[in-house]
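Colleague: I would like to learn how to read the features of a model like this one. Please start with the pocket.

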Amino acid sequence: MGRHTFDITTDNFQAQVLDSELPVLVDFGADWCPPCKMLDPIVDGLAQKYEGTMRIGKIDVDVHPDLQMQFGVMGLPTLILFREGAPVQRIVGFQIEKQIEAQLLPHLNVEQA
């Protein structure tokens, strides 16, 4: 987990993601996944950049496979943006920060530069 992200578990998913007033980007990954490790600093940077606008949490699918199955996550890493309790954007596989941001910004209440 990065300095600006939080852990998501089966027990806190409802409160931390579905009931969140802010959009929540959920990072589905695993310790053994090299692309997930490559994505970690990008996700942490986005969490810092959009603090107060979006929250970012991480799920270890080896520890919480029920959440992986519930949201049909077939490949790692997978990012799913939840807004008002519903998934609104899905990003599968490693992508650079600008590509991820371009897919998230339409769903966030921020001024685009």
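Modeller: β2 (24-29), α2 (34-49) and β3 (55-60) each supply at least two lining residues of the largest pocket. Helices (H or I, at least four residues) and strands (E, at least two) are DSSP runs, numbered from the N terminus. This is a predicted model, in which local features need pLDDT of at least 70 and side-chain atom pairs count only at pLDDT 80 or more, while totals for chains, interfaces and linings use all residues. Residues are numbered from 1 along each chain as its sequence is written, and side-chain values use heavy atoms, with hydrogens and water left out.

Colleague: How is a pocket found, and which residues lie nearest the centre of the largest pocket?

Modeller: Rolling a probe the size of a water molecule over the atoms shows where empty space is left. On a 1 Å grid over the protein atoms alone, a pocket is an open set of points where a 1.4 Å probe fits, with protein on both sides within 12 Å along at least five of seven lines; lining residues have an atom within 4 Å of a point. Here 14 residues line the largest pocket, and Gly29, Asp31, Lys58, Ile59 and Asp60 lie nearest its centre.

Colleague: How much space lies in the largest pocket, and how do its lining residues divide?

Modeller: The largest pocket holds about 220 Å³ of space, a volume being the space filled by probe spheres set on grid points joined across faces, edges and corners. Its lining has six nonpolar residues, one polar and seven charged. Ala, Val, Leu, Ile, Met, Phe, Trp, Tyr, Cys and Pro count as nonpolar, Asp, Glu, Lys and Arg as charged, and the others, Gly among them, as polar.

Colleague: How should I read salt bridges, and how many are there?

Modeller: Side chains of opposite charge can pair when their charged atoms come close. The rule asks for a side-chain nitrogen of Lys or Arg within 4 Å of a carboxyl oxygen of Asp or Glu, and the count is four salt bridges. Lys58 forms one with Asp27, where the closest N and O atoms are 2.6 Å apart. That pair links distant parts of the chain, with Lys58 in strand β3 and Asp27 in strand β2, 31 residues apart. Lys58 also meets Asp40 in a salt bridge (2.7 Å, N to O). Asp40 is in helix α2, 18 residues from Lys58 in the chain.

Colleague: Is Lys58 buried or exposed, and why?

Modeller: Lys58 counts as buried because its relative accessibility is 13%; buried means under 20% relative accessible area, exposed over 50%, and partly exposed in between (1.4 Å probe, protein chains only). Asp27 is buried too. Asp40, at 26%, is therefore partly exposed. Asp60, in strand β3, is also partly exposed, because its value is 22%.

Colleague: Which residues form a nonpolar patch on the surface?

Modeller: A patch takes residues with over 30% relative accessible area and no salt bridge; like charges are joined within 9 Å, and nonpolar side chains (Val, Leu, Ile, Met, Phe, Trp, Tyr) within 5 Å. Met38, Phe94 and Ile96 form such a nonpolar patch, with about 280 Å² of accessible area together, by the Shrake-Rupley method with a 1.4 Å probe, only the protein chains shown counting as cover. Ile96 lies in the loop between β5 (86-92) and α4 (97-104).
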